[in-house]
Amino acid sequence: MADISRRLGRRHLRSAPTSYIRHHRNGRPAHDGVGLSFWFRPLSAALSEVPVNDRELAMAFHARTADFQDVTVQATVTYRISEPGTAADRLDFSIDPDTGIWRGDPLEQLSTLLTETAQQHALDVLARTALSAALADGVAAVRERIAAGLAAEPRLPSTGIEVVAVRVVAIRPEPEVERALRTPARERIQQEADRATYERRAVAVERERTIAENELASRIELARREEQLVEQRGTNTRREAEEAAAADAVRTEAEAARTVRLAQAEAAAARASGEARAGAQAAWLQVHGEADAATLHALAATRLAENLPRIDSLTLSPDVLTTLLDRLGRGERA
């Protein structure tokens with residue numbers, strides 16, 4: 001929208017760089033161009049403002065496919081007014097000289113023209129396309145048909161309009177049909193998910209079975225080795241017992257042999273000792289048998305003296321001495 005200011009009964013217009021301004025004074029062209037700025041008298045001026053920048057036009061319309069299913073088409077058309085003078089001649093782009101606001105609604109007319117043209121070509125394509133094909137590949141087909149139809153539309157160049165781009169955002173069926181169409185896909189996805197879950201569970205069960213088998217095999221191997229260990233321990237114990245018994249037998253035999261030898265030695269010693277005592281006794285008896293009585297008495301006295309206890313001191317009273325002498329005297333006489 002142009003910026004209009006007032007001063008002393010005159011008006012000053014200043015436009016944007018993206019706006020085309022046409023000024024007629026008393027029916028004659030006074031100013032014509034983009035981004036103008038000038039003074040004018042409102043009573044004798046006729047002003048038009050045409051935007052020359054790119055504009056986006058979003059549109060949504062209903063269509064019916066070949067199998068009689070209603071769909072909604074969402075599209076966007078980018079256009080620009082490439083010939084603003086032609087557009088100002090064909091459409092009412094006049095603005096109020098006091099406010100700079102359009103007196104009509106020219107952009108709405110352009111939107112209606114573009115929407116109806118695009119809708120006509122989209123309906124033509126979808127009317128010959130089944131719903132499944134329209135949902136699968138209809139976006140590209142509809143976009144190409146709308147772009148070709150707008151490029152071939154004679155009213156657009158004659159109005160000074162150039163179509164820059166066409167985009168079809170989506171083609172959507174009715175909610176009930178869309179839910180019905182989603183059901184098989186959802187069921188298929190659910191089946192795939194269930195199959196993946198079952199496979200995952202089967203793999204988990206197989207792994208658990210493998211782990212259990214490995215544990216059982218380990219236990220069996222451990223039991224077998226424990227059995228071998230018990231057998232080996234028994235063998236070792238038996239071998240140790242046999243070796244201990246053999247050692248005890250050897251030790252017993254050695255002790256018995258030593259005892260026998262010791263007994264034999266003791267017997268021989270005792271025999272030799274007895275023989276020696278017997279010989280000594282025989283010799284003693286022989287000597288005593290050959291000796292006279294006085295000698296025997298002396299020997300007996302000597303032996304008796306040897307066996308008597310030791311007398312440190314002896315006290316003889318006169319009576320005892322007299323008796324002994326008396327006995328000795330009688331003994332000499334005898």
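Aspartate 54 is where I start: its relative accessibility is 40%, so it counts as partly exposed. On that scale, buried means under 20% relative accessible area, exposed over 50%, and partly exposed in between, with a 1.4 Å probe and protein chains only.

Two notes on method. This is a predicted model, where local features need pLDDT of at least 70, side-chain atom pairs count only at pLDDT 80 or more, and totals for chains, interfaces and linings use all residues. Residues are numbered from 1 along each chain as its sequence is written, and side-chain values use heavy atoms, with hydrogens and water left out.

Now, what does aspartate 54 pair with? Arginine 80. The two form a salt bridge, and their closest N and O atoms are 2.7 Å apart. By salt bridge I mean a side-chain nitrogen of Lys or Arg within 4 Å of a carboxyl oxygen of Asp or Glu. Searching the whole structure gives 18 salt bridges. The arginine 80 pair links distant parts of the chain, 26 residues apart. Arginine 80 is in strand β8, residues 70–81. Aspartate 54 is in the loop between β6 (45–51) and β7 (55–64). Helices (H or I, at least four residues) and strands (E, at least two) are DSSP runs, numbered from the N terminus. Arginine 80 has 26% relative accessibility, so it too is partly exposed.

Next, helix α5, residues 175–290. Glutamate 213 and arginine 209 both lie there, 4 residues apart, about one turn of the helix. Their side chains meet in a salt bridge at 2.3 Å, N to O. Glutamate 213 is partly exposed at 42%. Arginine 209 is partly exposed at 39%.

Another pair in α5: arginine 251 and aspartate 248, 3 residues apart, again about one turn. The closest N and O atoms of this salt bridge are 2.0 Å apart. Arginine 251 comes out at 45%, partly exposed. Aspartate 248 is partly exposed at 35%.

Back to where we began. Salt bridges that share partners join Asp54, Arg80 and Glu162 into one network.

Last topic: aromatics. How many aromatic pairs does the whole-structure search find? It finds 2. One of them is phenylalanine 93 with tryptophan 102, edge-to-face, 6.1 Å centre to centre, with 70 degrees between the planes. The rule: rings of Phe, Tyr and Trp (its six-membered ring) pair if their centres lie within 6.5 Å; planes under 30 degrees apart are stacked, over 60 edge-to-face, the rest tilted. Is phenylalanine 93 buried or exposed? Buried, at 1% relative accessibility. Tryptophan 102, at 26%, is partly exposed.
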